[in-house]
Amino acid sequence: MSARKREPHMKAEDKKNKTLAAPKDTGDFYIVGMGASAGGLEAFERFFRNVPNDSGMGFILVPHLDPTHASLMPELIQKCSKMDVFQIKDGTRVKPNAVYIVPPNYDLAILNGSLQLFPPPKIAGPRMPIDYFFRSLAQDQGEKAICIILSGMGTDGTLGLRSVKGELGMAMVQAPDSAKYNGMPRSAIETDLVDYILPPEKMPAQLIAYANHDAKNADPKLKVVEGKVPDAMQKIFILLRTHTGHDFSSYKKNTIYRRVERRMQVHQMDKIATYVRLLQENKAEVETLFKALLIGVTNFFRDPDAFRALEENALPRLLADKSDDYTIRAWVPGCSSGEEAYSIAILLRECTEKLKRHVGIQIFATDIDEGTIDTARAGIYPASITADVSPERLKRFFMSQDNIYRIKKDIREMLVFAPQDIIKDPPFTKLDLVCCRNLLIYFDAELQKKLLPLFHYSLNPEGILFLGTSETIGGFTDLFTAVDKKWKIFRRKGSGPAAHATLAFSATPHREGVYEIKPNMPKEIDVAQLAEKSLAEHYAPPSVIIDEKGEILYFHGRTGKYLEPAPGEAKLSIYRMAREGLKLEMPSAIHKAATRKKEVIYKGIAVKGNGHAQMIDLIVRPMSDAKAASGLMMVVFEDVTPVTKEKPAEKKRIQTIKGEERTRGLERELQYTKENLQTTIEELETSNEELKSSNEELQSTNEELQSTNEELETSKEEQQSMNEELTTVNSELQGKIDGLSEANNDLKNLIDAIEVPTVFLNNDLCIKRFTAHATRVINLIQVDIGRSIGDIATKLEDADISEVAQAVLGDLVFREQEVRTGDGSYFRMRVAPYRTIENVIDGVVITFTDLTKEKELEEREHRLAAELRLAAVIKDSNDAVTLQDFDGNILDWNRGAERMYGYSRAEALKMNIRDLIPQEKRKQNLELMKKICAGKEIKSFQTRRKTKDGKALDIWLTVTIIADAAGKPIQIATTERDLAWLSKQ
């Protein structure tokens, strides 16, 4: 993917929006999967209003939709998106700069950029369509996958996000405080794998910045040159080891480099040195990188066929020769959040029940990430595990509550979760099963060669090694034999230690107090060490090492005289295992030693066992190395040999008599005690039977309540799922209503703006609706809605509206006619059928187009035409016709005036009427003007004018006053006839 080239001179707008410049499409583009549930429509709209039409990415929307209703989502998103929006069909190929939306009641997957729809399977619990698609997107697109989780209830999308991050994709989540429903965003954020947490409107800019940085820095920055690790990476390894205590230098370099580069891309850093500086200054980023390096795609029963092969081909033989008091020991290193460890526990439980073997099961699950260990210990998982766990297993091994599943107690108690670094910490031993799936693939070849002999050392003869599908035992075929080559199930060879190397723990810690495991290479015999070992075995008193809770961690010597297994569930608690005589003294001694931090000795304790009492000294001693063994204590049992001395005969006789008396007293006391005890035992047995009966009844009631609770939880989940779907439908309908309301407002304003009176009638000619201007034609008020149009008085003089409307309904042909109101207004009445979108006739619509101004214009045109005709007559008249203002200035005159006076029209327009009046007649003209200004009527009269050549003419003068529309005189028109010419005619 290459970056878009910038022009030499950018416009101001371009500079302002340069962060939204999209990378050029080269066919290798990001595909963004977006999941949302309740409140998602609003989040989608806020997001797409800010996405440019050339983002260079494809967007795929997977909302929770009501499966029984058609979705309005595509048209609603199209309104706020600058890109084309499509509803997905089978085989739709994803293209950049487009939006694709899954249709209702389908699961979505992607293969080689092509979208495929699947009918959802019928499973217990809510559907998880977002998880389903995100997993498919991660597998198909790898590093080019981006997942975004928006508003919604529940946990859908969380497991899918893990898959995307496992393939080095990018994850973005809506900020919870900006979401209508923050359940899905919070669940995703709790994974600690999210790259960006933003409100929807700020996501597009960050998306495009992320894509641009990737396009600009397509070449890897970190490479191994001639087998040498770059110095910058060495620094990163040191910072990680300093902060977390774990050494990543033995991990596969390419994997580490890619994940470091991905973190650099998130921070949009181009130089590795800059990122090293960030790690030095920001401890939170070191922790984030640590978690990014540990991301492992895990889920319950991953690769179901592999677990089926383990169940059918390996476990039956493993369990075949085990006695009922045997405990199966298993180890799951790199257990992450516990899904695989619990899967092994469930499988072992099912297999032992199927084979009817009543063996114990103890599973040790370890990981270097204490956060994921805490998650595993809690045994709480999102509802989306329904995609991986069958309904039968969900019902039997999990408890459902509030959109989560919790592992049941009987399975949880099989497992011990603990932080452990498999590279440096001691392994578990005497194991029957080691499940190490998809962990070795992250280690380099040298480390794998060390770990496989370690697993051989940890396993019992015939023990099972279960690896991931991409892992192998390499050249260690002399240590393991294949049980199932396809699914990588192996059985330990040999009955002794590993053939390649025996493993031993060094006596001193090599790093942070943790004992190193090394191959014990052949060397000279250490006589001193052998002597110390032999002396410890034969002369050191029996002892045990316990932790602060009293759990026994280590036995030395024969401790059976002092400790014995307690009946019931297998426990290594020293308090439960103490024999009679130690049950009171031992807790007291341990408590004192723990409190005082020094050795405590209780002397002369009689411990009963094997029919007689043994006198011992009990010693409790805190471990001296507090750093390496904080809270650990050693409990030592020292036998005491009674010392006998010779005594005088008399003293012996007296002591004998006293002893006999004492004995008889004790016997009487003992008899009394026995009788009381017998009575107490009988009463206790009676009470115990009653309690047992009550307990059985309560247990029965509890089972019924539990069954009812499970049914209610299922019903609650279904209701919640339905509620989310209805919320989405409601959001879509609200968007549609808003659109209709906007369209209705536009239509109303349009009708009001064009001022066309309009009336809508139904098929019964009753009024449905009318515009405000309709009252100009028909006397309508709001309460008239529903009344027949025939009952309403109109202002029309010559039209029957109901008759015309009935005719239109009869033949569905529109009609037009001109109508006149009583106030003299004219309208064009048009009556047309009212057709719905479904082409159904639902009444008529009547419009009245105002023709009053047109009529007035027509009359004016008629008058103007008449005036023009009159002007033509005047123009060609033989009489002289002039037009002048009240100052006498000539404004116009006709051809008759040109002939009569000799002046052309052009010359006359520069003259005043006084120029044509002889001197003796000017006084007469002045009097005439005064009469005209006074508004008096002027009768025609005879006067005199002079021509251009000075000749005097006797004329008959007619004066006409021209007024404006208000009646005010504005001009004077005169008609002058030559009397001499008239006498000749």
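Two strands are taken to pair if DSSP finds at least two bridges between them. In this predicted model, strand β13 and strand β14 (residues 404-407) meet that condition in the antiparallel sense, over 4 bridges, and Phe398 has Ile407 in β14 as its bridge partner. Both strands belong to an open sheet of 3 strands with the order β12-β14-β13 and antiparallel pairing. The edge strands of this sheet are β12 (380-382) and β13 (398-401), each of which pairs on one side only, and the twist from one strand to the next averages 30°. Phe398 also takes part in an aromatic cluster, which it forms together with Phe300, Tyr342, Tyr381, Tyr405 and Phe417.

A further set of antiparallel pairings involves strand β22 (residues 543-546), which is joined by 4 bridges to strand β26 (residues 633-639) and by 4 bridges to strand β23 (residues 552-556). Val544 stands opposite Val635 in β26, whereas Ile546 stands opposite Ile552 in β23. In a regular strand the side chains alternate between the two faces of the sheet. Both faces of β22 are covered, with Ser543 and Ile545 buried on one side and Val544 and Ile546 buried on the other. The hairpin of β22 and β23 has 5 residues between the strands, and within this hairpin Gly550 adopts a positive phi near 85°.

Aromatic contacts were examined over the whole structure, where a search finds 24 aromatic pairs. One of them, formed by Phe48 and Phe59, is edge-to-face, with 5.7 Å centre to centre and 75° between the planes. This pair links distant parts of the chain, since Phe48 lies in helix α2 (residues 40-48) and Phe59 in strand β2 (residues 58-63), 11 residues apart; Phe48 and Phe59 are both buried. The rings of Tyr562 and Phe637, by contrast, have their centres 4.7 Å apart and their planes at 5°, so this pair is stacked, planes under 30 degrees apart being counted in that class. Here too distant parts of the chain are linked, with Tyr562 in the loop between β23 and α20 (574-577) and Phe637 in strand β26, 75 residues apart, and both Tyr562 and Phe637 are buried.

On the surface, a nonpolar patch is formed by Leu747, Leu750 and Ile754, which together have about 290 Å² of accessible area. Leu747 is located in helix α22 (residues 649-754) and, because its relative accessibility is 47%, counts as partly exposed.

Conventions. Residues numbered from 1 in each chain as written. Predicted model: local features only at pLDDT ≥ 70, side-chain atom pairs only at ≥ 80, totals over all residues. Heavy atoms only, no water. Buried < 20%, exposed > 50% of the residue type's maximum accessible area, 1.4 Å probe, protein only. Helix = DSSP H or I, 4+ residues; strand = E, 2+ residues; numbered from the N terminus. Patch = residues over 30% accessible without salt bridge, like charges linked within 9 Å, V, L, I, M, F, W, Y side chains within 5 Å. Areas by Shrake-Rupley, 256 points an atom, 1.4 Å probe, with all protein chains shown as cover. Salt bridge = Lys/Arg side-chain N within 4 Å of Asp/Glu carboxyl O. Axes fitted to C-alpha atoms, helices over the stretch in contact; angles between N-to-C directions. Phe/Tyr/Trp six-rings, centres within 6.5 Å; stacked < 30°, edge-to-face > 60°.
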